[in-house]
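Here are my notes on this one, written as numbered points you can check against the picture.

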Amino acid sequence: MAVWIGGNGALSGRADTIPSQSAAILYAQRLPNEGRQVRVGVAGEPPSVIVTAGEPSGIIVEYWQELAQEMMLSYELVAYSTVETSLAALDKGEVDLAIGSISITSDRIAKYDFTQPISQGDLTVLRPSEPPTLWRTFQPFLGWTFLSSVGGIFLSFFVVGNLLWWTEHKDNEQFPKTYREGIREGIWCATTTFTTVGYGDRVPITPLGRTIAAVWMILSLVIVTSLTAGIATTLAVAFSNQPSQRLSQPHELAGVRIAVVDGGAAAERWAQFYQARVSVTESLEAAIDLLAFQQVDGVVSTRLSLEYYLHQHPKVPYQVASFSLGSQPYGIALPLNSPLTRELNHYILQLPSQISMQRIRQTWFQSLEEASDNSSEDHNGSQ
């Protein structure tokens, strides 16, 4: 566990620009209400919370600094490895409140006071984005849609072939009288009619046979029009060079191995709602390690955390799904009936405080994009 005394100024959004410890203490000494110093537990996933050399930073930490400055609070930041350990410290009275990636759930509300949500986390899935394997290439052809379409066509050939043979074999020499040889010619006639080839070597001559053939011609046009688009889509998916689109919809999580981070109660519950097989890990990095070793098929977390991870690791073969499983609100946790809860809510609900959170988030991601661009330029220059 690492401790950092804080109380002045906002962080710029970079770990290397954290104010010095002495400057933070000097500011705390100048506060008009010096006796109001609180111990703040900090834990969570980047970029909400980032701990570098024992010093916390991140979006939530920076927001807290501005909030504490507005409330004229001096404080001491205490970094914990997980949200659960920070809440355990809150239970024991080691800290006065806890900030970070602390989701507000019904179970936690029964044990702690929570402020109004300070941010909202959109839950989604981190999934592999590798080129399709040979199995994945042919897998679309084994799907129910494709197989039922092809099976329906062959069943139609068999039924129409039987009808043609039954109406023609007595008066038409083109259709043998024995069923085995005759049904073969009937199916051949049905197939050539369906494909509009019409070789003419097998042609019905009876009125009923021609009526069946005419109806089959019309039905063939309808069937071809209906099935062509679906089969063409299957072929395009199978032979395209696009990345695998597994887990492209929430319902595809059923039975899939999913990792979530301990303390992300909403993520675990949403994964269970979609009937995924859930593994709980201590951190996002541990969850992604399971994905790397193919022990899970995806990781459920907030879009913010997953996109930040991809910003920091641009070469990993993963992508963030476009869909959303749900959302989870994040707040500041305090002991039940804490006198600070009402005061914190007063400042959090003010419009300047909400604007401040939005500005901090934009600053962080603008810094990330600039760092990513600079990294790409350096890489191209080295080539």
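1. Let's start with helix H9 (residues 265–273), where Ala266, Ala267 and Ala271 are buried. These three cover an arc of only 130° around the axis, which puts them on the same side of H9. Some terms: buried means under 20% relative accessible area, exposed means over 50%, and partly exposed is in between (1.4 Å probe, protein chains only). The arc is that of the directions from the helix axis to the C-beta atoms. Helices (H or I, at least four residues) and strands (E, at least two) are DSSP runs, numbered from the N terminus.

2. What do the buried residues of H9 pack against? Their partners are E8, strand E9 (257–261), strand E10 (277–281), E11 and strand E13 (326–330); contact here means heavy atoms within 4.5 Å. Look just after H9 as well, because Gln275 takes a positive phi of about 65° there.

3. A word on where this comes from. It is a predicted model, in which local features need pLDDT of at least 70 and side-chain atom pairs count only at pLDDT 80 or more, while totals for chains, interfaces and linings use all residues. Residues are numbered from 1 along each chain as its sequence is written, and side-chain values use heavy atoms, with hydrogens and water left out.

4. Now the whole chain. Its secondary structure comes to 13 helices and 14 strands, and buried residues make up 45% of its 383 residues. Take the contacts with a separation of 6 or more: 70% of them are between residues 24 or more positions apart.

5. On to the largest nonpolar core, which has 31 residues; Val40, Trp64, Leu67, Leu97, Ile332 and Leu344 touch the most other members. (A nonpolar core is a set of buried Ala, Val, Leu, Ile, Met, Phe, Trp, Tyr and Cys residues joined through side-chain atoms within 4.5 Å.) Strand E2 (37–43), helix H2 (59–71), strand E5 (74–79), strand E6 (97–100), H11, helix H12 (339–348) and helix H13 (351–382) each supply at least two residues of this core. H2 gives the most, with eight residues. There is also a second, separate core of 15 residues, which includes Leu123, Val256, Ala321 and Phe323.

6. Not counting residues up to four places away in sequence, Trp64 touches Val38, Val40, Leu73, Tyr75, Leu77, Leu97, Ile99, Ile332 and Leu344. Leu67 lies in helix H2 and counts as buried, at 5% relative accessibility. Leaving aside its neighbours within four places in sequence, Leu67 is in contact with Ile332, Leu344, Tyr347, Ile348 and Ser353.

7. Which residues of H12 are buried? They are Leu340, Thr341, Leu344, Asn345, Tyr347 and Ile348. Seen down the axis, these buried residues fall within an arc of 165°, so they line one face of H12. Pro339 and Arg342 are exposed on the other side of H12.

8. The peptide bond from Pro46 to Pro47 is cis, with omega near 0°, and Pro47 is in the loop between E2 and strand E3 (50–52). Met72 is not a glycine but has a positive phi of about 60°; Met72 lies in the loop between H2 and E5 and counts as partly exposed, at 32% relative accessibility. Gln294, likewise a residue other than glycine, has a positive phi near 60°. Gln294 is in the loop between helix H10 (284–292) and strand E11 (298–302), and at 59% relative accessibility Gln294 counts as exposed.
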